[in-house]
Each structure stands twice: as C-alpha cells, then as structure tokens.
Amino acid sequence: MRRTSNTIPKLHVRKDDTVMVISGDDRGKTGRVISVMPKERKAIVEGINMMTRHVKPNAENTEGGRVQSEASINVSKLMLVDPKTNKPTRVGRVAKDIKGKSQLVRVSAKSKEEIK
C-alpha cells in the first residue's frame, strides 16, 4: 500500500545552516542556506550558483541593467559543515528524549555531536 501522507522528504540541510558545495562549478565554496524547498529537493545558498538577469528600468530600479541573484541548487550537491571542526560532514538522525518525548535530532558523522 502506498503512503499518502507525509510525502515531503526530510533533508539534511535546513535554513541558516552553513554548507559546502561538493560538485559543480562552485565546488569547494561555502555559504549560508537562505531557503529550502523540500518538495523540489533544492536549496538557495548565499553567494552560490549566481545567475544574471537583464532588467528593464522601472520605479524601483531606474537604470535597469544586469542584476545578479542566487539560483537554487540540488541538495545532493551540498554537505553540511560541522560547526566544531569547520569541515564538511555527513548527517545522521538519532532518537533523543526531549521533555519525555522521543524526537529525532541531527548528528554529525565526524564529531558525533548534535547539530542545532
């Protein structure tokens, strides 16, 4: 039987995480996650995957011209940076008792510490 609820996948990255790009043109660069789109499995990272748009002059931008902004990137190309070691790490989930309830928390594979 197919699951009908809870179809949005859990991702290893969240908003405000520091991540490193592991493949593509921006490989090796790090940045802060601005937003995450779980259904599309994409994220927007500050300063990564920059795109240029040509904009006509309008009330806000009187000169027009070229505007650079971040484009989305697939989360499979991102690795979370461990806050303790400042190196990229894999992420695991471990059940932890919080106020009497069991909840999953993210854990760094390298330092074995909880990721806030």
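Visitor: How far apart are N and O in the salt bridge where the side chains of R32 and E46 meet?
Guide: This is a predicted model, in which local features need pLDDT of at least 70 and side-chain atom pairs count only at pLDDT 80 or more, while totals for chains, interfaces and linings use all residues. Residues are numbered from 1 along each chain as its sequence is written, and side-chain values use heavy atoms, with hydrogens and water left out. A salt bridge here is a side-chain nitrogen of Lys or Arg within 4 Å of a carboxyl oxygen of Asp or Glu. The side chains of R32 and E46 meet that criterion, with an N to O distance of 3.5 Å.

Visitor: How many residues apart are R32 and E46, and which parts of the chain do they link?
Guide: Strands are DSSP runs of E, at least two residues long, numbered from the N terminus. R32 belongs to strand 2, and E46 to the loop between strand 3 (42–45) and strand 4 (50–55). The pair links distant parts of the chain, and the separation is 14 residues.

Visitor: Is E46 buried or exposed, or partly exposed?
Guide: Buried means under 20% relative accessible area, exposed over 50%, and partly exposed in between (1.4 Å probe, protein chains only). E46 has 39% relative accessibility, and R32 has 34%. E46 therefore counts as partly exposed.

Visitor: Which residue forms a salt bridge with D16?
Guide: D16 is in the segment before strand 1 (18–21). Its phi is near 75 degrees, a positive value in a residue other than glycine. The closest N and O atoms of the salt bridge are 2.7 Å apart, and the partner of D16 is R32.

Visitor: How many salt bridges does a search of the whole structure find?
Guide: One of them joins K84 and E113 at 3.1 Å, N to O. That pair links distant parts of the chain, with K84 in the loop between strand 7 and strand 8 and E113 in the segment after strand 10 (101–108), 29 residues apart. K84 is exposed at 57% relative accessibility, whereas E113 is partly exposed at 37%. The search of the whole structure finds seven.

Visitor: Which side chain of opposite charge is nearest to D82?
Guide: D82 lies in the loop between strand 7 (78–81) and strand 8 (88–89). In the charge count, Lys and Arg are positive and Asp and Glu negative, with His and the chain ends not counted. D82 is buried yet has no salt bridge; at 7.3 Å, the nearest side chain of opposite charge is K84.

Visitor: With which side chain does D82 make a polar contact?
Guide: A polar contact is a pair of N or O atoms within 3.5 Å; within protein, one must be able to donate a hydrogen and the other to accept it, and residues adjacent in sequence count only if both atoms are side-chain atoms. For D82 the distance is 3.2 Å, and the partner side chain is that of S108.

Visitor: What is the order of the six strands in the open sheet?
Guide: Two strands pair if DSSP finds at least two bridges between them. Strand 1 and strand 2 pair in the antiparallel sense over three bridges, and V19 has G31 of strand 2 as its bridge partner. The pairing in the sheet is antiparallel, and the order is 6-3-2-1-7-8.

Methods: Helix = DSSP H or I, 4+ residues; strand = E, 2+ residues; numbered from the N terminus.
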